[in-house]
Amino acid sequence: MSKGIVELEEGWPFMETGVAKLKRILEELPEPAFESVQYITLYTTIYNMCVQKPPHDFSQQLYDKYRGVIDDYNKQTVLPAIRKKHGEYMLRELVKRWANHKVLVRWLSRFFDYLDRYFVPRRNLLTLNSVGLTSFRDLVYQEIQSNAKDAVLELIHKEREGEQIDRSLLKNVIDVYCGNGMGEMVKYEEDFESFLLQDSASYYSRKASKWSQEDSCPDYMRKAEECLKLEKERVTNYLHSTTEPKLLGKVQNELLVVVAKQLIENEHSGCRALLRDDKMDDLSRMYKLYHPILQGLDPVADLFKQHVTAEGNALIKQAADAAINQDASAGGVQDQVLVRKEIELHDKYMVYVDECFQKHSLFHKALKEAFEVFCNKTVAGVSSAEILATYCDNILKTRGGSEKLSEEATEITLEKVVKLLVYISDKDLFAEFYRKKQARRLLFDRSGNDEHERSILTKLKELLGGQFTSKMEGMVTDITLAKEQQTNFADYLSASLTTKLGIDLTVTVLTTGFWPSYKTSDLNLPIEMVNCVEAFKTFYGTITKHRRLSWIYSLGTCHISGKFDKKSLELVVSTYQAAVLLLFNNAERLSYTEMLEQLNLSHEDLVRLLHSLSCGKYKILIKEPMSRTISKTDTFEFNSKFTDKMRRIRVPLPPMDERKKVVEDVDKDRRYAIDAALVRIMKSRKVLGHQQLVSECVEHLSKMFKPDIKMIKKRIEDLISRDYLERDSENPNTFKYVA
């Protein structure tokens with residue numbers, strides 16, 4: 001090119017030779033590559049034509065010619081080449097032409113770079129790259145995209161049916177859709193993705209209809225799982241990443257949501273059958289498939305709850321039937337079996353919740369609600385709270401009671417029992433029964449291990465707070481202190497020159513507030529026992545002057561020696577029984593009335609004692625007349641001919657049914673608890689409507705027991721009568737706190 005002014009008519013033909021060379025290279029025709037000198041000459045020509053002063057500044061004309069070159073190439077070369085081919089071949093041609101187009105635009109942009117750097121920004125025009133993309137989009141893409149979409153969907157369909165396809169080709173075609181969006185995904189989404197989603201939904205809808213008729217639930221789920229996995233791979237291999245959630249959503253909807261009811265509730269192989277047959281792998285698969293779906297797990301959790309509830313109810317019915325068919329002595333055994341089976345059931349389904357259902361809160365809730373249903377049912381008139389307390393008592397007794405558990409097994413079992421307690425609504429009733437049984441274990445030295453006693457209290461304290469266990473902990477502490485005190489008493493007796501009892505005496509001092517209330521009576525003790533009591537009183541007076549001793553003889557145990565004709569026997573009896581037997585040291589025969597006067601007992605107590613000594617298994621006394629009942633006209637004499645193969649025998653008292661008293665005590669405590677809760681709520685809120693007060697009271701107390709609504713209403717009326725609360729003068733359903 002000559003120096004000086006470069007006219008358009010002179011410069012452009014030179015540029016056309018460069019463009020023609022580039023096109024020949026793209027069309028793979030024989031053409032040497034661009035040399036540096038050629039490239040620089042072409043760039044310089046454009047530069048010179050753009051920097052000349054008007055009217056020789058040809059920037060606008062060159063900008064238009066740049067567009068014309070690309071448009072002509074697309075119309076005359078690209079479109080005809082693509083139109084000639086179909087299906088997969090058309091896609092290959094499209095991919096090739098799109099790649100060539102990008103090369104063409106890149107090289108032309110270099111030749112016309114000066115326009116991009118100065119002319120385009122000044123005039124606020126499209127960049128050269130954008131002009132090139134717009135040309136391809138408007139002239140090629142718009143015409144070809146529909147056919148390309150159909151061809152791609154056909155290939156995807158083939159792949160879904162198991163055929164091998166060229167995934168790299170599809171990836172490149174998807175790049176064409178994405179690249180023609182000018183930096184946005186709108187073209188890909190509207191021209192391809194929407195059709196893909198629609199086609200996928202139709203495909204999997206047909207599959208779901210076919211598979212649901214042919215396959216069992218586990219087989220269907222395996223196929224659905226495989227399909228979802230393949231669709232994810234499809235996105236990874238050639239679709240755009242934004243398609244994944246939409247595509248999987250469509251597949252999930254057709255394969256899982258639409259057929260959910262039919263699949264999950266399938267009578268022969270659905271969720272119920274999987275639970276029944278312990279198919280944990282299939283349940284895990286069901287969870288994984290339905291977990292990503294909104295509310296997809298709800299029906300699974302509901303069936304899980306129904307299944308666990310049914311199994312629990314079956315255990316309760318089994319225990320109730322066994323209790324009816326067996327005698328009373330075996331009832332306790334059945335209760336132990338029931339709790340053991342409930343623990344096993346809980347262990348089993350906790351594994352399901354943890355492993356199959358990945359500790360999902362929905363299944364924790366389902367398990368909790370299921371256990372709450374059957375764990376609060378009575379068995380043959382015995383509450384679940386009492387059954388659980390009895391089970392604890394059994395395993396905490398010496399040598400593990402009937403359970404015969406090792407130290408480690410006992411600890412694990414106690415932990416599981418506390419987990420069961422969570423589901424019992426009447427926790428206060430459990431506490432009272434447990435405390436009664438704990439008291440007997442501690443007082444009669446039947447507790448197997450102090451560590452276990454303290455361990456379960458620690459667990460209960462963590463679960464329900466210090467107030468729940470404070471009395472129980474106090475009882476354990478009392479026993480520990482009593483043992484130390486007994487050692488001190490023994491030392492005191494050894495050191496005393498005047499006090500010689502002639503009897504081994506053990507006294508346990510208890511704190512009234514910690515222990516259950518026991519019946520006391522002014523029993524006239526035998527003189528031997530009176531001396532013992534006085535000796536301990538004297539000793540205790542040396543320790544403290546501020547505590548008053550109240551003697552509970554009903555809890556005492558005596559070992560007395562019975563001199564019978566054949567041999568002497570050691571009789572293990574209660575203090576009351578011992579008092580009765582010792583009367584016969586001074587008289588061979590005594591009437592009922594004489595014993596009543598000498599012992600100063602109530603009629604009910606004496607009848608019970610005499611029945612145990614004359615009508616029970618061991619007839620230490622002979623009753624006249626002989627019968628199974630005690631009357632006020634009966635007379636009794638010592639049975640010197642009594643004997644037994646054992647050298648030591650325990651003479652039991654007829655068992656007393658303490659259940660009624662425990663329930664009454666708990667009801668009384670509940671009244672106090674409701675009163676306290678109501679006052680506490682009103683003190684903080686000052687004014688509150690009836691409905692809200694009741695619901696807040698229920699919420700306050702539900703951790704320990706489910707308060708009866710009628711009871712709450714009665715307590716509100718009682719608090720009004722005692723001037724703690726008052727009704728609002730204008731609205732009788734609103735209450736005010738009276739300060």
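Because the model is predicted, local features need pLDDT of at least 70 and side-chain atom pairs count only at pLDDT 80 or more, while totals for chains, interfaces and linings use all residues. Residues are numbered from 1 along each chain as its sequence is written, and side-chain values use heavy atoms, with hydrogens and water left out.

**Whole chain.** Begin with the C-alpha trace, which spans about 155 × 65 × 65 Å along its principal axes. The radius of gyration of the chain, taken over C-alpha atoms, is 47 Å, whereas a compact globule of 739 residues would have one near 27 Å; that globule rule is 2.2 Å times the number of residues to the power 0.38. Switching to a cartoon view, you can look for 28 helices and nine strands, which are DSSP runs (helices H or I, at least four residues; strands E, at least two) numbered from the N terminus. Of the 739 residues, 45% count as buried, where buried means under 20% relative accessible area, exposed over 50% and partly exposed in between (1.4 Å probe, protein chains only).

**The cores.** Next, select F112 and F304, which touch the most other members of the largest nonpolar core, a group of 154 residues. Such a core is a set of buried Ala, Val, Leu, Ile, Met, Phe, Trp, Tyr and Cys residues joined through side-chain atoms within 4.5 Å. Helix α6 (residues 128-160) supplies the largest share of this core, 13 residues. Around F112, leaving aside neighbours within four places in sequence, show W12, M15, I46, L62, Y66 and L128, with which F112 is in contact (heavy atoms within 4.5 Å). Then move to a second, separate core of 48 residues, whose members include V507, V573, V580 and F584.

Select Y47 in helix α2 (residues 36-51) and Y114 in helix α5 (residues 113-123), which lie 67 residues apart in the chain. Their ring centres are 5.0 Å apart and their planes stand at 90°, so the pair is edge-to-face; rings of Phe, Tyr and Trp (its six-membered ring) pair if their centres lie within 6.5 Å, with planes under 30 degrees apart counted as stacked, over 60 as edge-to-face and the rest as tilted. Y47 is partly exposed at 34% relative accessibility, whereas Y114 is buried at 15%.

**The cysteines.** Finally, select C558, which is buried with a relative accessible area of 13%. The closest cysteine sulfur, in C532, is 9.0 Å away, too far for a bond, and the whole structure holds zero disulfides (pairs of cysteine sulfur atoms within 2.5 Å).
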